[in-house]
Amino acid sequence: MDRLGAMQLFVGVVEQGSLAGASRKAGCSTATVTRAVALLEAQLGVRLLHRTARRLQLTEAGREQLATYRVVLSELTASGLIGGQRNQPATPVLQGHFGITAPELFGTLYAVPVIGDFIALHPGVRVRALLLNRLVNLVEEGIDVAVRLAWLPDSGLMAVNLGEVRRVVCAAPSYLARTGVPELPSDLGRHACIGIDDARERELWRFDRPAQSGRSGTGTAMSVGIQPVVSLNSAGAALDMALRGGGLYRGFSYQVARHLAEGRLVSVLDEYEPRPTPVHLVFHPIPARSTVLRAFIDFAAPRLRDALSAVEAEMETYAAAGTSRDRPHDDRSPDRR
């Protein structure tokens, strides 16, 4: 079941007032209609319909999506890109362009592959991508959608939640063998720390004080000022330096999960890990005619959500394994990402 076909069946459910009515109208089974609605809800991460024994009722999210789906289907039908019969699966021929921004490493590892897959499906689409480790003003820099790793302030932007990532302090086993393992955040002052803010001589590394019971992220927040031995404007370069034994690196879990799992890096100060950082796709309200941007967000969101879920699973596996900080490993030729 493709997404556009699911959209057509969802609109049919609302118009007919029931799953059975939509299935009769579309000439398919009720189970197919049920799967179509479930597909949309799973991809959006929200419930679209309240189901009772007597009736179906749209949720607030369902009403919003219904309006969007009707506009998209109407325009595609009017332009001849899809047929008018809802029982015919369809793939729209999209043409247009949009701009996207993401943090450097997140973009390299996750956003760019998704963009490539989207373009392969829709060769008429052109994309401009900015991979930058700074906050991009969408209007001033002509960007339509951004991947944001942060707690979002109140604004006029729309947001689609993708999951969350952790902040992890880690180092190569060879570095820890030379210097010892920091036991407290205050110990960072005697360690070589690798910074990623080239505009400042000092950085604030944030932690949570551990509660008496439970693991990280349950206590009160605290910050430690550190003076990096080197400050870089590239997360990839900072990670590379850490992999080579150059010092402690404070990175996001998506950057370091595989290196932790394979022993090239070891996490420290785990009990002081701050609460996870949410990840969103943010964008201005999409005009009704911006079918390309809407199609990309619908395509990208579930794929990026799955990628972050896989990272979290890898981090949980690493934590459960209790990886030894003393395990020897040759880090002279790291597999850099």
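This is a predicted model: local features need pLDDT of at least 70, side-chain atom pairs count only at pLDDT 80 or more; totals for chains, interfaces and linings use all residues.
Biologist: How do you know which pLDDT the chain averages?

Modeller: pLDDT is the predictor's confidence in each residue, from 0 to 100. The chain averages 84, and 85% of the residues score at least 70. Residues 85–91 stay under 50, with 13 contacts beyond four places in sequence; contact means heavy atoms within 4.5 Å. Residues 323–337 also stay under 50, with 37 such contacts.

Biologist: Why is H5 called oblique to H9?

Modeller: Helices (H or I, at least four residues) and strands (E, at least two) are DSSP runs, numbered from the N terminus. Two packed helices are described by the angle between their axes and the distance between the axes. Axes are lines fitted to C-alpha atoms, for helices over the stretch in contact, and angles run from 0 to 180 degrees between N-to-C directions. The axes of H5 (residues 104–121) and H9 (residues 291–321) come within 10 Å and cross at roughly 140 degrees. Under 35 degrees counts as roughly parallel, over 145 as roughly antiparallel, 65 to 115 as roughly perpendicular and the rest as oblique, so H5 is oblique to H9.

Biologist: What makes up the contact of H5 with H9?

Modeller: Its residues divide into 16 nonpolar, no polar and two charged. Nonpolar covers Ala, Val, Leu, Ile, Met, Phe, Trp, Tyr, Cys and Pro; charged covers Asp, Glu, Lys and Arg; the others, Gly among them, are polar. Among those that meet are Asp117 in H5 and Arg303 in H9.

Biologist: Why are S4 and S6 said to stand at the edges?

Modeller: Two strands pair if DSSP finds at least two bridges between them. The open sheet runs S4-S3-S5-S14-S6, with mixed pairing. S4 (125–131) and S6 (158–165) each have a single partner strand, so one side of each is left without a neighbour in the sheet.

Biologist: How do you know that S3 and S4 pair?

Modeller: S3 (residues 96–102) and S4 share seven bridges in the parallel sense, against the required at least two. Glycine 96 stands opposite valine 125 in S4.

Key. Residues are numbered from 1 along each chain as its sequence is written. Side-chain values use heavy atoms; hydrogens and water are left out.
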